[in-house]
Amino acid sequence: MTEGKELRTVAKIFYQSSVFFVRWLMLAAVVGSIVGVMGVLFHFSVEKATELRTEFPWLLYLLPLGGVLIALLYQKSGMAKDMGTNTIIEAVRGEHPLRMRTAPLIFISTVITHLLGGSSGREGAALQIGGSMGARLADWMDLDQKEHQMMIMCGMSTCFAALFGTPLTATIFAIEVVSVGVMHYAALVPCVLGALIGYGIAQIFEVAPTAFVIQNVPQLGLASTVQVIVLSILCAVLSAIFCISMHAAGKLYKKYISNAALRAAVGGVLVILLTLLVGNRDYNGAGMDVITRAMAGEADWCAFLLKILFTAVTLGAGFKGGEIVPTFFIGATFGCVVGPLLGLDPSFAAAVGLIALFCGVINCPVASFTLAVELFGGDGVIFFGIASAIGYMFSGYYGLYSGQKIIYSKLETKFIDVHTK
């Protein structure tokens, strides 16, 4: 009798899992196809904007006007109080509704920011595009609240994967970033299916995955381990400084300039002045070329500080995009500069710096580890595991996304449920 009951239980579980899988295979196919195409279109739009900015340097001087246009677009659309990626994170927890207009607004605004030389990434826009489109598709399909939340995460992972070519990281990031310490495993299958479809569509359109070649990965040993730990601790501290700078910039703008359009115009002027003062365009846009040079072992000693300044001034003023690629820039250049002082090869140190700082600002150690594997391959994988763990622990409760919650303490098995600072 007991064996028969267990067999019936196993059969029931298999049936329920099969129904869930088939249902989400179909839903993910819809989300993945639509959001994947949108992600590819967004990628090409940002790439073209970057090409035009490089070809026509005078576009930088239109940045204040671009900022005013972005502010007006959000005001006229009734989205003046939009919180960006924080809105997406809160929507997954059912705390905030999403509007379809989020997708076209962030798409256009991010392209304008990159076209005119604001210091910005693109992943924040990808999360907003994917999340809002997933939410709208859930509304059209009349799904319940729980499925609605998983559709948002599915959209997030799809657009992230289409843009960066890192489907595993996109999957883990979507289920880990919302409530740190409690991963939304129920959304694992929907997110991985959506990410794979988004990645596949990107491959059809020949969107190259983001990847770097690193040199001189050391042998695992006491000395190399200590060196990586020290560098990771320094990156964790820097990640907190970056988060503080980003939040402080937005508050300062709002404290002294109440009008959103004027804030954006002033921010644009400041970026122009900073660019002229620096004497080059390395800190405008995302800065992927600088990251590539850092991975080859070349970086200016002050590059990470200037990128923090440019990014805080840009995004704090109301320009759009994201903070993750600037985080790559800051971590890679910092590691490239500081690593050799600790005895590490600058190329390898740049990779460690990128991962440790990335983990410090997003508080997602598992996603940070998978990112290292997808960006750099299997070499030095244990060191990137160390960098992720140390970056997570030593960054405290700071984070780029104030909507993110830390469910459990980083230092003990204690439930705290607090928002990041």
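Let me begin with a term: a crossing is left-handed if the near helix is turned anticlockwise from the far one by less than a right angle, and right-handed if clockwise. Helices here are DSSP runs of H or I with at least four residues, and strands are runs of E with at least two, numbered from the N terminus. What we have is a predicted model, in which local features need pLDDT of at least 70 and side-chain atom pairs count only at pLDDT 80 or more, whereas totals for chains, interfaces and linings use all residues. Residues are numbered from 1 along each chain as its sequence is written, and side-chain values use heavy atoms, with hydrogens and water left out.

With that settled, α14 passes α16 in a right-handed crossing. The axes of α14 (residues 346–362) and α16 (residues 381–394) come within 7 Å and cross at roughly 35°; axes are lines fitted to C-alpha atoms, for helices over the stretch in contact, and angles run from 0 to 180 degrees between N-to-C directions. Contact means heavy atoms within 4.5 Å.

The next pair is α9 (residues 222–256) and α12 (residues 303–316), which pack at about 30° with their axes 8 Å apart. The crossing of α9 and α12 is right-handed. Leu 238, Phe 242, Met 246 and Tyr 253 are among the α9 residues that meet α12, whose own contributors include Phe 304, Ile 308 and Leu 315. The contact of α9 with α12 divides into 10 nonpolar, four polar and no charged residues.

I turn now to the sheet. Three strands form an open sheet of mixed pairing in the order β1-β2-β3, where two strands pair if DSSP finds at least two bridges between them. Because β1 (179–180) and β3 (415–419) stand at the edges with a single partner strand each, one side of each is left without a neighbour in the sheet. β1 pairs with β2 (residues 405–408) in the parallel sense over two bridges, and Ser 179 stands opposite Lys 405 in β2. β2 and β3 pair in the antiparallel sense over three bridges, with Ile 406 opposite Val 418 in β3. A hairpin of six residues joins β2 to β3.

Finally, the pockets. On a 1 Å grid over the protein atoms alone, using a 1.4 Å probe, a pocket is an open set of points with protein on both sides within 12 Å along at least five of seven lines, and lining residues have an atom within 4 Å of a point. Grid points are joined across faces, edges and corners, and a volume is the space filled by probe spheres set on the points.

How much space lies in the largest pocket? About 1100 Å³. Its lining has 36 residues, of which Asp 82, Met 83, Lys 254, Leu 315 and Lys 320 lie nearest its centre. The lining of the largest pocket comprises 15 nonpolar, 14 polar and seven charged residues.

The second largest pocket has a volume of about 460 Å³. Among its 22 lining residues, Thr 50, Arg 53, Gly 287, Met 288 and Asp 289 are closest to its centre.

How values were computed
Nonpolar A, V, L, I, M, F, W, Y, C, P; charged D, E, K, R; others polar.
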